[in-house]
Amino acid sequence: MKLLDRRVVLVTGKGGVGKTTISALIALRAARAGKRVLLCETSGVTQVPALFRVAGRGYDPVEVAPRLHTLSITSEAAIEDYVVMQLHFRRLYKLVFRNRVVGPFIDAVPGLHDLIQLGKVFDLERTQLGGRPAWDLIVVDAPATGHGLTMLASPRAMMELTIAGPFHDNARDIAALFEDHARTALVLVSLPEDMPLKETEELYQRLGPLREAVHGLVLNEVHPAPVPDPALYRTLAPTLRERADEAGREALAIADAALLRTGRQDDARRRLQALGPKVVDVPFLYRRDLGPTDLSGLLPAVEAL
Ligand SMILES: Nc1ncnc2c1ncn2[C@@H]1O[C@H](COP(=O)(O)OP(=O)(O)OP(=O)(O)O)[C@@H](O)[C@H]1O
Ligand SMILES: [Mg+2]
């Protein structure tokens, strides 16, 4: 099944590995393919609008590229949404949930903040506009590994906690969407470095039955090989080094170091491939503060996902 034929794509991985960048790439690719796409950031993070050089509107969707909207989910806004939907009365929400007695109680329910954010995605997935789903695809820039896992497990956790009742039924419906591999796919992002790789391998193992939902793994920030034919270079290097002057030797040392890195990247790719799902490389861009043009340049890399 194709990645973009899902209803929801969740992107996670270690902190700082490029989750937001890859989420934006997947969303942009789908939008360019003609889909109406919503890219959701979670836990109140708002980095996507800046990536597209557009002013964000927080919890309200803003269009950052043709057919591509983004919003930032906070559990506070999502709780308000949820309660108002259930109680049909916003003032009652303020009265009951914003007071100092009930507020801390909500914070103490394990996993509630995570569940409520998934619940928002669940609602967005069902939202209709003109007789069809408002969004063809929802991409979720999920929290980093450990927190991402707890978020994914939160519907089940709530079901166990409540056993029956409206909270239980709601959690069950949410679980049904995120556990249905035909509708929800996971993409794990990693870097060709030992720590992020270890975390990806651990996350993959800890996903349990959700492992089936992993559509692909992204090896981000891959550097190009310094020479077109590394094997040939290795054969020629000793002779080259003998004949080279000081500047030449320096150049060869740089090439050697870069080749070493390419070798480590190949090892990293093999480690990810050993997990099972397909692995795609996303090249490292020698730039800071990536913008829309950089994203367009990186698009072909996620085409294979
Ligand atoms: N392929 C790439 N080439 C160059 N820079 C990149 C690449 N991918 C990501 N970056 C840069 O690395 C930094 C981290 O990327 P990003 O914000 O996407 O990671 P993240 O996993 O979402 O981080 P966080 O865990 O903080 O949310 C950013 O400055 C981003 O521009
Ligand atoms: Mg991010």
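Predicted model: local features only at pLDDT ≥ 70, side-chain atom pairs only at ≥ 80, totals over all residues.
Local features were taken at pLDDT of at least 70 and side-chain atom pairs at pLDDT 80 or more, while totals for chains, interfaces and linings use all residues. Residues are numbered from 1 along each chain as its sequence is written, chains are lettered from A and ligands numbered from 1 in the order in which they are written, and side-chain values rest on heavy atoms, with hydrogens and water left out.

The structure contains 19 salt bridges, a salt bridge being a side-chain nitrogen of Lys or Arg within 4 Å of a carboxyl oxygen of Asp or Glu. One of them joins arginine 7 to glutamate 125, with an N to O distance of 2.6 Å. Arginine 7 lies in the segment before strand E1 (8–13) and glutamate 125 in helix H6 (residues 112–126), so that distant parts of the chain, 118 residues apart, are linked; helices (H or I, at least four residues) and strands (E, at least two) are DSSP runs numbered from the N terminus. Arginine 7 and glutamate 125 are both buried, where buried means under 20% relative accessible area, exposed over 50% and partly exposed in between (1.4 Å probe, protein chains only).

A further salt bridge is formed by glutamate 179 and arginine 156, whose closest N and O atoms are 2.8 Å apart. Glutamate 179 belongs to the loop between helix H8 (166–178) and strand E8 (184–190), and arginine 156 to helix H7 (residues 145–162), so the contact ties together parts 23 residues apart in sequence. Glutamate 179 is partly exposed at 32% relative accessibility, as is arginine 156 at 40%.

Aspartate 180 pairs with arginine 183 in a salt bridge, again with 2.8 Å between the closest N and O atoms. The relative accessibility is 25% for aspartate 180, which counts as partly exposed, and 29% for arginine 183, also partly exposed. Elsewhere, salt bridges connect Asp194, Lys198, Glu201 and Arg271 in a network.

Turning to the aromatic residues, a search of the whole structure returned 1 aromatic pair. The ring centres of phenylalanine 284 and tyrosine 286 are 5.0 Å apart and the planes stand at 90°, so the pair is edge-to-face. Rings of Phe, Tyr and Trp (its six-membered ring) pair if their centres lie within 6.5 Å, with planes under 30 degrees apart counted as stacked, over 60 as edge-to-face and the rest as tilted. Phenylalanine 284 is partly exposed at 26% relative accessibility, whereas tyrosine 286 is exposed at 55%.

The charged end of arginine 211 sits over the ring of tyrosine 204, 5.9 Å from the ring centre; the criterion is NZ of Lys or CZ of Arg within 6 Å of the ring centre and within 35 degrees of the ring normal.
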